Every structure is written in structure tokens, then in C-alpha cells.
Amino acid sequence: MAQKPQDYHLTEPPAEPFAEPGCPDCLSLSVTSENARSRGDYSAGSDANVALRRHRAEAHAA
């Protein structure tokens with residue numbers, strides 16, 4: 001078994017992205033993520049979260 005580096009530390013997973021109020025695209029991606037996780041498809045849930053983060057950065061950047 002490979003050894004972990006001495007400075008190896010576990011970190012908290014990133015917070016779940018949230019839908020911007022009133023944005024149908026955010027809502028759709030949020031629902032997609034929730035539905036995927038509810039059926040145990042964590043890969044699809046993660047993909048939807050990545051898409052939601054990307055959408056928020058492009059469409060709602062301040």
C-alpha cells in the first residue's frame with residue numbers, strides 16, 4: 001500500500017452550490033443534482049453541481 005505524504009490532510013468537501021433566486025437554469029440544475037443524489041447517482045449529482053457552479057460564474061458573476 002502506498003504511503004500518504006506527511007503533509008496529507010483531509011479537507012471538508014466544497015459546499016453545495018445554490019440556485020440564484022428567479023433563475024430557471026439554476027433551478028433546473030439544482031433539481032437535477034438533487035434527483036441524481038436521491039437515486040444514488042452521485043456522479044450525475046456531481047456533474048450537475050459542476051454545471052451549476054459554471055453557470056453561476058458565467059451568468060451571475062458580480
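**Helix packing and overall form**

Helix 2 (42–59) is part of what covers the buried residues of helix 1. Helices here are DSSP runs of H or I with at least four residues, strands are runs of E with at least two, and both are numbered from the N terminus. Buried means under 20% relative accessible area, exposed means over 50%, and partly exposed lies in between (1.4 Å probe, protein chains only).

This is a predicted model, in which local features need pLDDT of at least 70 and side-chain atom pairs count only at pLDDT 80 or more, while totals for chains, interfaces and linings use all residues. Residues are numbered from 1 along each chain as its sequence is written, and side-chain values use heavy atoms, with hydrogens and water left out.

Which residues of helix 1 are buried? They are Cys26, Ser30, Ser33 and Ala36. Seen down the axis, the buried residues of helix 1 fall within an arc of 130°, so they line one face of the helix. That arc is taken over the directions from the helix axis to the C-beta atoms. Pro24, Leu27 and Ser38 are exposed on the other side of helix 1.

The length of helix 1 can be checked too. Its 15 residues should span 21 Å at 1.5 Å a residue, and the end C-alpha atoms are 21 Å apart, which agrees. The expected span is 1.5 Å times one less than the number of residues.

Now the flanks. Pro21 lies in the segment before helix 1 (24–38). Pro21 counts as exposed, at 71% relative accessibility. Its C-alpha atom is separated by 13 Å from that of Leu52, 31 residues apart along the chain. Just after helix 1, Gly40 takes a positive phi of about 85°.

The cysteines come next. A disulfide is a pair of cysteine sulfur atoms within 2.5 Å. The count by this rule is zero. Cys23 is buried at 12% relative accessible area, and Cys26 is buried at 0%.

Finally, the whole chain. The protein chain has two helices and zero strands. Its radius of gyration is 15 Å, well over the 11 Å that the globule rule gives for 62 residues, so the chain is more spread out than a compact globule. That radius is taken over C-alpha atoms, and the globule rule is 2.2 Å times the number of residues to the power 0.38. The C-alpha trace spans about 50 × 35 × 15 Å along its principal axes. Of the 62 residues, 19% count as buried.

How values were computed: Contact means heavy atoms within 4.5 Å.
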